[in-house]
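Subject: Structure for you to look at

Hello,

Here is the structure I promised to pass on. Please open it, keep the sequence beside it, and read my notes below.

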Amino acid sequence: MSIRSAWLATLLPLGVALALAALAGILSGHFWAALALAALGVLAWHYWRMHTILNHIAARRRIHPPQGPGLWNETERLLARQQDETRTRKQRLTTMLRTYRAAAAALPDAVVVMARKGHRVVWFNEAAQRLLGLHYPRDLGGNLATHLGELSVPDWLSLGRDAEPLMDEQLAFNPGVHLSLKLIHYSDDLWLLIARDVSKLMHLEQMRRDFVANVSHELRTPLTVLHGYLDMMDTEEDPETSRMFAEMRHQSLRMTQLVEDLLTLSRLESQERMPDDHVAMPLMLAVLRREAEALSQGRQAITIEDSAGVDLWGSNKELHSAFSNLIGNAIRYTPAGGRIDVRFAHEGDGAVLNVTDSGYGIPAAHIPRITERFYRVSTSRARETGGTGLGLSIVKHVLNHHDARLEIHSEVGKGSTFSCHFGKERVVPRPAAE
Ligand code: ADP
């Protein structure tokens, strides 16, 4: 029914009622009194309808759409329709919310919704109870940083948007379970913390490391024996055999170097750190010079400069391995007649060791990947120069251990500079010479 016909259905009976009242008034001789009585009756009926509808709305009762004509019936019908629509929308939203919550609750990863302000826990799933030890409803509204205080979480949370995922965290109540944590800012006020059980991954990683370390270790002895016998062979009579044996010696040396580099990397990766100590840089640079000259055999001009006047704090053996790898590369990737400059200098509150060469250089596209294991710019050149492909990985690991940073600048055809930047906490005063 349209609004217009509803108006008609209301006004028509009103007109008829007033006309009848006027007629009764004329007949009885009380025209005005009859009219006023009829008007009052109509008004009372309207108030009563309004009262019924208001009661329904106030009590949030369901309005049943009436059948009859008139404005009030139409109003009730429209209200009933609106109530139905709201109810359907609410049901749909509740179903959706239930589905999402059920999906989030069933996730194998721990999911915690928390308020940015005060890091208060707003919601968490079942896996969060298992992996993070949160209890429902005890921990709702609690501070997550306090709850996970034994992890590096409090500092990490305070980093907010800049927080990189945390890897390999362990909680005392869950020994043997390794967690990786990630923070997602999905709204201005709410953050999502996702914790994943990475124990299997860590176990596999450990197996990989152990495997490489064991194989390298097991290869060492047979290689030493082979190398020893090859050295003893006297092959001077026949030039053909002599060439063959020289190549065999060369290859067995390469293999030995490869095994040694793999063992060094395994040691660096296993976090079995050598204790930090005072590293006397004048002595270190003197050793590096001797080794560089032996390797270069006069093919390049080598300068070593020490203007820092300070020493380093770290592992002598590891740092020697990193620096000698950089200098070895500089020599191997610089043609005869080139220059190699090693410079140890002050840099702000810290120190820097630069290894600059005038060699082949590295195309810019390769630089970001150059510290990966076995990554080579040119396989043939690396093989020619006797590289193992592990040198820069070793350098990267050693520098990580020393909170230092490797920077690489290179231009093809002009040369490269590898810089090791050490922070102020790694710099120690050099004792006065006696
Ligand atoms: P490799 O044993 O093959 O030298 P590294 O890890 O030490 O392995 O180096 C990786 C690659 O980086 C090398 O194969 C080489 O292509 C490139 N590279 C390293 N140092 C230099 C350098 N000083 N000049 C030019 N290329 C270099």
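Two strands count as paired if DSSP finds at least two bridges between them. Keep that in mind for what follows. One more thing before you start: this is a predicted model.

**Overall layout**

The chain is divided into four parts. Domain 1 covers 3–101, domain 2 covers 107–197, domain 3 covers 205–270 and domain 4 covers 277–429. The centres of domain 2 and domain 3, taken over C-alpha atoms, are 48 Å apart.

**Strands β1, β4 and β5**

Begin with β5, residues 190–197. Strand β4 (residues 179–185) is joined to β5 by seven bridges, and the two run antiparallel. Within this pair, S180 has R196 of β5 as its bridge partner. A hairpin through four residues links β4 to β5.

β5 also pairs with strand β1 (residues 110–115). This pairing is antiparallel too, over six bridges. Here V113 has L192 of β5 as its bridge partner.

Strands of a sheet pair through backbone hydrogen bonds, either parallel or antiparallel.

**The five-stranded sheet**

Next comes an open sheet of five strands. Its order is β7-β9-β10-β12-β11, and the pairing is mixed. β7 (301–306) and β11 (405–411) stand at the edges. Each has a single partner strand, so one side of each has no neighbour in the sheet. On average, neighbouring strands of this sheet are turned by 10° against each other, direction ignored.

Look at β10 (residues 350–357) and β12 (residues 415–422). They run antiparallel and are joined by seven bridges. N354 stands opposite S419 in β12.

Now find helix α9, residues 281–296. This helix lies across β7, β9 (339–347) and β10, and runs at about 175° to β7.

**The three-stranded sheet**

There is also an open sheet of three strands, in the order β6-β8-β13. Its pairing is antiparallel. β6 (277–279) and β13 (427–429) are the edge strands, and each pairs on one side only. From one strand to the next, the twist averages 45°.

β6 pairs with β8 (residues 310–314) in the antiparallel sense, over three bridges. D277 has G314 of β8 as its bridge partner. Helix α9 packs on this sheet as well. It touches β6 and β8, and its direction makes about 85° with that of β8.

**The ligand**

Which residues come nearest to the ligand? Of the 20 residues around it, they are N329, Y333, D357, T388 and G389.

Check these polar pairs on your screen:

- T388: a backbone N or O atom lies 2.8 Å from an oxygen atom of the ligand.
- R376: an N or O atom in the side chain is 3.3 Å from an oxygen atom of the ligand.
- G391: a polar backbone atom is 3.4 Å from an oxygen atom of the ligand.

How much of the ligand does the protein cover? On its own, the ligand has 530 Å² of accessible area, and the protein covers 97% of that.

The largest share comes from α10, with three residues.

Over to you.

Best wishes

Terms used:
Residues numbered from 1 in each chain as written. Predicted model: local features only at pLDDT ≥ 70, side-chain atom pairs only at ≥ 80, totals over all residues. Heavy atoms only, no water. Axes fitted to C-alpha atoms, helices over the stretch in contact; angles between N-to-C directions. Contact = heavy atoms within 4.5 Å. Domains from an automatic or database assignment. Near = heavy atom within 4 Å. Polar contact = N/O pair within 3.5 Å; in protein donor to acceptor, adjacent residues only side chain to side chain. Areas by Shrake-Rupley, 256 points an atom, 1.4 Å probe, with all protein chains shown as cover.
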